[in-house]
Amino acid sequence: MRRTRSRSFPVLMLTIMFFAGIIYFLVNLSFHASEWVSMPYNGHLSDSTGLEFAGEITDRNGVVLARSEDKKRFYNDDTDIRCACLPVVGDDSVNISTAIQTLYRSELSGYDFIFGLGMPDQLKKGNDIQLTIDSNAQVAAYHALGDRKGAVVVYNYKTGEILCMASTPVYDPMNKPDDIETNEMYDGVYLNRAVSASYTPGSTFKLVTAAAALEKDPAFEYREYDCSGSTEIGGKPINCFSVSGHIDMKGALRDSCNAYFAGLALEVGRLDMSVQAANMGFGKSWKFDGIQTARSIYDISSANDNDLGWSGVGQYTVLETPINMAIRTSAIANRGECVVPHIIKNIEGEGVKSFVDDSSKPERMMTRETAGKLKEMMDYTVYENYGKWSFSGSLDVCAKTGTAEVGDDGIAHAWVTGFTKDDDCPLAFAVIVEHGNSGSGVAIPVASAVLNVVADNLRNR
């Protein structure tokens with residue numbers, strides 16, 4: 001009898017585990033079926049499957065970006081709008097993994113739990129999705145970037161609404177090029193660089209180094225240094241672009257003094273530099289509206305003193321994602337707290353409630369005091385270095401540029417990040433122009449063009 005019981009117990013446990021697994025699977029299926037069916041690796045989603053009866057995609061102002069008619073998918077009549085919105089909207093394929101038509105194909109197609117993607121035609125009715133982006137701002141970014149590779153992110157740092165998320169190169173989804181797989185001009189065309197690409201941040205990272213110093217000891221604000229154009233750390237030189245002379249932190253940020261911030265990184269120390277970088281989004285992948293971003297990286301675990309110094313000026317192995325740069329800059333504007341962005345305004349249709357995003361809860365990246373000091377320094381940098389006129393229009397902008405070295409023979413990437421102080425247009429932004437060479441000469445004009453379009457539309461709506 002005891003032997004029978006001892007043998008039956010494992011069978012009973014296996015039976016319980018089997019049925020528990022079935023129940024677990026069914027519960028997950030009921031909650032996540034539509035999400036699973038929308039995954040890019042689902043082979044049934046190739047070509048235009050699921051879009052023949054899909055709902056409309058519109059921008060924040062109701063401009064139709066994509067629609068279905070007679071079992072075909074159509075995009076906006078304006079070629080510039082089609083191209084500019086491609087990284088966000090996507091095309092008939094699922095090649096752009098972060099595009100709305102890839103991630104939300106089941107919602108657009110009116111996915112049914114019983115029929116799945118095989119619902120009879122007479123029963124199909126897609127749901128409409130309204131985005132937070134401004135198609136006019138997308139076009140402005142598309143034109144400003146031109147034939148250069150790069151990305152632009154602009155979002156409201158109070159509400160989290162993404163107003164522009166542009167990436168180049170692009171193509172016309174209504175007239176896909178035959179040589180897209182072989183022509184070098186389309187390299188990385190399926191990648192939304194705003195969320196899925198990481199770059200050396202260059203001098204924009206000096207904001208992180210400054211924040212780490214101020215968080216450790218506010219007295220670092222008054223740290224003085226005599227810049228002769230170069231300094232030696234760890235037996236190797238760290239060079240500046242110019243000779244700044246006698247400066248404090250505010251002057252060093254204005255002049256973007258490498259020697260100052262390299263030395264500051266050493267004084268702050270490895271631990272505090274790493275902690276503050278993590279607080280400001282490095283090592284983290286953001287997720288909003290189903291979009292998973294690439295990680296920004298700050299890893300000095302194997303760095304010597306010279307490497308640590310270079311990391312403090314945004315070189316070494318530091319990598320930054322445009323969307324993360326905009327998010328961390330928004331925290332400076334927003335008294336130390338960032339709001340996670342979102343790009344879907346609502347989803348409307350039969351069986352689907354209006355979209356309500358719950359990811360926009362503020363996250364603290366630094367103290368209010370540190371944010372206030374950085375805000376003053378960025379404002380001073382624009383006023384004393386770039387000139388307020390460089391951001392043409394009526395916006396009051398605080399900013400920091402970066403020229404990121406990418407190798408001995410490579411032309412540097414051009415960065416600018418910043419925010420507006422205007423209460424009616426609270427905008428955080430980041431711009432990367434690959435091999436643009438000059439943040440102030442190349443990235444600022446791109447940012448200015450987009451910011452002014454966004455502001456005009458917000459103020460005149």
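Student: What makes the backbone oxygen of arginine 105 a polar contact of the side chain of serine 109?

Tutor: In this predicted model, the backbone oxygen of arginine 105 lies 2.8 Å from a polar atom of the serine 109 side chain. The cut-off for such a pair of N or O atoms is within 3.5 Å, so the pair qualifies. The serine 109 side chain also reaches the backbone oxygen of serine 106, at 3.1 Å. Serine 109 itself is in helix 4 (residues 105–109).

Student: Why is serine 109 counted as buried?

Tutor: Its relative accessibility is 9%. Buried means under 20%, so serine 109 counts as buried.

Student: Why is arginine 270 called partly exposed?

Tutor: Arginine 270 has a relative accessible area of 33%. Buried is under 20% and exposed is over 50%, so 33% falls in between.

Student: What does arginine 270 touch, leaving out residues up to four places away in sequence?

Tutor: Arginine 270, in helix 10 (residues 270–279), touches Ile300, Ala303, Asn304, Asp305 and Leu308. Leucine 308 is 38 residues away in sequence, with 7.5 Å from C-alpha to C-alpha. A polar atom of the arginine 270 side chain lies 2.6 Å from the backbone oxygen of alanine 303.

Student: How do you know that helix 5 is largely enclosed by the rest of the structure?

Tutor: Eight of the 11 residues of helix 5 (residues 135–145) are buried, so the helix is largely enclosed. The buried residues are Ser135, Ala137, Gln138, Val139, Ala140, Ala141, Ala144 and Leu145. They pack against strand 2 (64–69), helix 2 (79–89), strand 5, strand 6, strand 18 and helix 14.

Student: What is found at the N-terminal end of helix 5, and what comes just after the helix?

Tutor: Aspartate 134 caps the N-terminal end, with a side-chain oxygen 2.9 Å from the backbone nitrogen of asparagine 136. Just after helix 5, glycine 146 takes a positive phi of about 60 degrees.

Student: Why do strand 6 and strand 16 count as edges of their sheet?

Tutor: The sheet is open, with five strands in the order 6-5-18-17-16 and antiparallel pairing. Strand 6 (162–168) and strand 16 (397–404) each have a single partner strand, so one side of each has no neighbour in the sheet. Neighbouring strands are turned by 5 degrees against each other on average, direction ignored.

Student: How do you know that strand 16 and strand 17 pair?

Tutor: Eight bridges join strand 16 to strand 17 (residues 413–420). Pairing requires at least two bridges, so these strands pair. The two strands run antiparallel, and alanine 404 stands opposite histidine 413 in strand 17. Helix 14 (residues 439–459) packs on the sheet, and its direction makes about 140 degrees with that of strand 18 (427–433).

Student: What makes strand 8 and strand 9 a hairpin?

Tutor: Strand 8 (residues 230–233) and strand 9 (residues 236–239) pair in the antiparallel sense over four bridges, with two residues between them. Glycine 234, in the turn, has a positive phi of about 65 degrees. Isoleucine 233 has lysine 236 of strand 9 as its bridge partner.

Student: How do the side chains of strand 8 alternate, and which are buried?

Tutor: Thr231 and Ile233 point to one face and are buried.

How values were computed: Residues numbered from 1 in each chain as written. Predicted model: local features only at pLDDT ≥ 70, side-chain atom pairs only at ≥ 80, totals over all residues. Heavy atoms only, no water. Buried < 20%, exposed > 50% of the residue type's maximum accessible area, 1.4 Å probe, protein only. Contact = heavy atoms within 4.5 Å. Polar contact = N/O pair within 3.5 Å; in protein donor to acceptor, adjacent residues only side chain to side chain. Axes fitted to C-alpha atoms, helices over the stretch in contact; angles between N-to-C directions.
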